[in-house]
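Have a look at the structure, then follow along.

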Amino acid sequence: EVIDKLRYTIEKNCLTFISTQQPVAVDARRLLSAVIVSEELERIGDYAEGIAKVTLDLRGKQDGVDLSQFGNLADIFSKMRDKAISMLGASAEAFFARNKDYAIEESRRVCAADDEVDGLYRAAYEILWADKDGDIEVVIRLGWVAHDLERIADRATNIAERAFFVATGEMEDIGASNF
């Protein structure tokens with residue numbers, strides 16, 4: 001709820017500034033992008049909430065869920081989490097950078113990292129669906145965790161693309177996924 005309120009506050013403030021100050025060039029790009037980035041961050045919060053709910057639900061199951069039955073799934077989830085957090089931090093740095101070259105370089109790096117997360121996502125699904133006799137509810141819930149982690153990385157990529165736009169004035173799909 002806090003993140004949702006912050007998103008709408010950012011939107012309102014940007015729209016007020018646009019309507020009263022009529023910014024141009026990089027200022028207009030930055031304000032428009034701030035609105036879009038706030039939406040991306042709000043969605044990331046939703047994905048994090050989804051992961052937390054699944055975690056609590058699985059812990060609440062009788063005897064909990066032993067992830068070791070899924071091979072190295074816990075390790076894959078950890079790598080996806082770490083990569084997505086790193087991508088989000090780098091995309092934020094690129095967005096707020098006042099150095100055009102740095103913003104472009106960081107944006108491209110974040111977008112390239114998304115392919116790594118996509119590969120981990122595929123690996124997670126291969127593990128989850130390998131055991132056809134397992135608890136389908138657990139498999140589906142763990143699949144949602146994989147999905148949400150992958151989407152967080154995608155949203156970080158979208159923020160990096162906005163940083164690229166602010167820095168260059170060009171709308172370019174630098175994060176086109178190979179997924």
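Q: Why is R7 called buried?
A: A quick word first: the model is predicted. Buried means under 20% relative accessible area. R7 has a relative accessible area of 14%, so R7 falls under that cut-off and counts as buried.

Q: How do you know that E11 and R7 meet in a salt bridge?
A: The test asks for a side-chain nitrogen of Lys or Arg within 4 Å of a carboxyl oxygen of Asp or Glu. For E11 and R7 the N to O distance is 3.1 Å, so the pair passes.

Q: What separates E11 and R7 along helix α1?
A: About one helical turn, because E11 and R7 are four residues apart in helix α1.

Q: What makes E42 and R7 a salt bridge?
A: Their closest N and O atoms are 3.8 Å apart. The limit is within 4 Å, so E42 and R7 qualify.

Q: Is E42 buried or exposed?
A: Buried: E42 has 9% relative accessibility, and the label needs a value under 20%.

Q: What makes R43 and D46 a salt bridge, and where do they lie?
A: The closest N and O atoms of R43 and D46 are 2.7 Å apart, so the pair meets the 4 Å criterion. Both residues lie in helix α2, three residues apart, about one turn of the helix.

Q: Why are R43 and D46 called partly exposed?
A: Partly exposed is the range between the buried cut-off of 20% and the exposed cut-off of 50%. R43 has a relative accessible area of 28% and D46 has 24%, so both residues belong to that range.

Q: Are F95 and F96 buried or exposed?
A: F95 has 5% relative accessibility and counts as buried, whereas F96, at 60%, counts as exposed.

Q: Why is the pair of Y121 and Y125 called edge-to-face?
A: Their ring centres are 5.1 Å apart and their planes are at 70°. That angle is over 60 degrees, so the pair is edge-to-face. Y121 and Y125 are four residues apart in helix α4 (residues 100–128), which means about one helical turn separates them.

Q: What are the labels of Y121 and Y125 by relative accessible area?
A: Y121 is buried with 11%, while Y125 counts as partly exposed at 26%.

Q: What lines the largest pocket?
A: There are 14 lining residues, of which T55, L58, L67, F77 and L142 lie nearest the centre. The volume of this pocket is about 370 Å³. The largest share of the lining, five residues, comes from α2. By class, the lining has ten nonpolar, two polar and two charged residues.

Q: Which residues lie nearest the centre of the second largest pocket?
A: R30, A34, V37, F95 and F96 do, among 14 lining residues. About 240 Å³ of space lies in this pocket. Here α2 gives the most to the lining, with seven residues. The lining divides into eleven nonpolar, one polar and two charged residues.

Conventions
Residues numbered from 1 in each chain as written. Predicted model: local features only at pLDDT ≥ 70, side-chain atom pairs only at ≥ 80, totals over all residues. Heavy atoms only, no water. 1 Å grid on protein atoms, 1.4 Å probe; cavity = no way out; pocket = protein on both sides within 12 Å on 5 of 7 lines; lining within 4 Å. Points joined across faces, edges and corners; volume = space filled by probe spheres on them. Helix = DSSP H or I, 4+ residues; strand = E, 2+ residues; numbered from the N terminus. Nonpolar A, V, L, I, M, F, W, Y, C, P; charged D, E, K, R; others polar. Buried < 20%, exposed > 50% of the residue type's maximum accessible area, 1.4 Å probe, protein only. Phe/Tyr/Trp six-rings, centres within 6.5 Å; stacked < 30°, edge-to-face > 60°.
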